[in-house]
Amino acid sequence: MAGSDWTCSLSTMREWESPDYEPSLPISEKSNPLTRDIDRASATCIVRMLQASDAQMFQEGTGTTYKRLLSEQVVETLMEVAKRVELILEDPQDSLVVLSGCGTSGRIAFLMASSFNRALRELNKSPVYSYIIAGGDKALLSSQEAPEDDPRMGMLSLKRVCEGKRRVLFIGISCGLSAPFVAGQLDFCLQHPEVFTPVLVGVNPTHQARDEPIPGCTFTFRSVVQRMQELAKSQKAFLVNPAVGPEAISGSSRMKGGSVTKILLEVVLSAAHAATFTNTSVTYMGILQHMRAYEKTLDITYAQEEGISALLEAAGRSLRRGGRVCYLGWGSLAATGLIDASECIPTFGADYNDVRGFVSGGYRELNNNEGPLISLGPDFCIAHEDFLRLALPSLSDLDAVLLVYTHSDDVCDVVKLARRVREKTSNLHAVYHQVDGDTAAAVQQNDINKVCLSSLRISWPPPASRSLLHMQWELSTKLLLNAVSTGAHVLKGKIYQNHMIDVQVTNSKLYGRATRLLRKLSGCPEHRCEDALLKAIYRVDELTADISSSDINTHTLAARNRTKVVPLALVCLLTGRSLQEAETHLERQPVVREAVEACLSPSTRRGVIVARPRT
């Protein structure tokens, strides 16, 4: 597919809304029609596909199929939640707003709590926000998927944070309405209505909430949602779950799911702060205008198509050649880079060194609950000083380094670090945000441009609100880095069609996703797909009675240290080869789609989509 030829029609953008489109899957797990052959696309075409997918967040609804981000019901619910936050800000004594989630959702919860507590401290107010992430703070920087399946752990963590509080607004985030960890917390809130008002944030319709039994529990996620729906009628609970379309890479909720979560929470908390501290009432139009500002953010970001494509190409080239991609960030954008890098590990089966994020100020800037985590190992060393000590000495032109900052940051420090990096590699790039007409840092920026292979400037109109501008910069950076890291792994061959083929199978959600993916791509019955998955997990050609009788938790524990589980299972299903033969084949051809097609005869390729080569 040529990069210059790619276009999408409105009908393609809305194809996922049809009841006949992958009807057995919730929206968050469907494949996006816009990105069907992203694994064979050029860098420019990848960026265009990602832009079209992200644009679905702001599409107006058609009929009554699904609530959308800008729909009246969603805006009105956001207003009511903002008013509840406002009540706590006005009378914070023994009150708390708790944001909680797993994986990307937990990382967004952390970013929101940190950002708005910082805003309160600047006003000499006491913090009222707290965050919970399944697996604790190490999950901010690494894959900790297993705790997602533990509702009791979720409940106990919430109980501990809220000890002694008389009023708590709990915001549970689960993009797919599926995480048992969050279900346990919501159930606890529903049992204690005298203290808790629960809010659920996700991107699936309520009828698509996960309904599988949760071991040790009398409830499912769907039954919790149904109880909340009843309470929502009297505004004793709230559900914020707009449909924003399938992810560009199937199931990768770090992308649109994370972006829309950030948008929703920032809109709510910003409106509450404005009402409390600037006497600006929470209004329908105020909420809507804030969300439209994020729509403009998407347009401004993707207007840099050529620059983003070049960064994506550079990052992909580094990964393909065995090099690294390093983000060096300043200010609030640094945490965005750190999180984007950490999410590559579970999403693409990447090594922790493949994409790394480093923060100016390290844990002091991060300000996380548990403080410095450097005792956990080198992958938890996140300061620029750690980069200089651990990464810089071995840096070469194989590695791509990306400077991420704004002209509000210490540009002198950016110049100084850029020069240090340039001594080791010419593969140095800059991404920075600047307000139109701001010439104060122009001289220093010229110094950075001289040492960088490329510099991508994103210019913004003078802001009505400085805080809104910073939120737009953060979302813009998230969109851009998501595109770079996703596209780089696409170019490396980590995606099959538009599916995360090398995903880690480390909890029940991912186990189910892996089984469904094998069924879709192979056309084999579910029982054969699950057998192939188990054989790849345990590295056996025949399943024992012990393996077959074990529960999913046992299987996901066994899969924790396995690589290429789903690719191996797929090659075995499609070719009939043994595990050892499949492993050897994948070692020779790590691009999974090409590996599968190479070992199929023309007569057996009918079930495998063959696309034109990347141009």
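Q: How many residues of domain 2 are in contact with domain 3, and how many of domain 3 with domain 2?
A: This is a predicted model. Its chain is divided into three parts, among them domain 2 (304-496) and domain 3 (501-610). Contact here takes heavy atoms within 4.5 Å. On that rule the counts are 10 residues of domain 2 and 14 residues of domain 3.

Q: What area do domain 2 and domain 3 bury between them?
A: The size of an interface is often given as the accessible area lost when the parts come together. For domain 2 and domain 3, 57% of the buried area is on carbon and sulfur atoms. The area buried is about 880 Å².

Q: Are the residues of strand β8 buried or exposed?
A: Strand β8 spans residues 400-406. A400, L402, V404 and T406 point one way, while V401, L403 and Y405 point the other way. Buried means under 20% relative accessible area. Seven of the seven β8 residues are buried.

Q: Which β8 residue is the bridge partner of C326?
A: Strand β6 (residues 325-329) runs parallel to β8. Five bridges join these two strands. The partner of C326 in β8 is V401.

Q: Which β9 residue is the bridge partner of L403?
A: Strand β9 covers residues 428-435 and runs parallel to β8. Six bridges join β8 to β9. In β9, L403 has as its bridge partner A430.

Q: Through which helix does the chain cross from β8 to β9?
A: The path is a β-α-β crossover, and this crossover is right-handed.

How values were computed:
Residues are numbered from 1 along each chain as its sequence is written. This is a predicted model: local features need pLDDT of at least 70, side-chain atom pairs count only at pLDDT 80 or more; totals for chains, interfaces and linings use all residues. Side-chain values use heavy atoms; hydrogens and water are left out. Buried means under 20% relative accessible area, exposed over 50%, partly exposed in between (1.4 Å probe, protein chains only). Helices (H or I, at least four residues) and strands (E, at least two) are DSSP runs, numbered from the N terminus. Two strands pair if DSSP finds at least two bridges between them. A crossover is right-handed if, with the strands pointing away from the viewer, the path from the first strand over the helix to the second runs clockwise. Domain bounds come from an automatic or database domain assignment. Buried area is the accessible area (1.4 Å probe) that two parts lose on being put together, summed over both.
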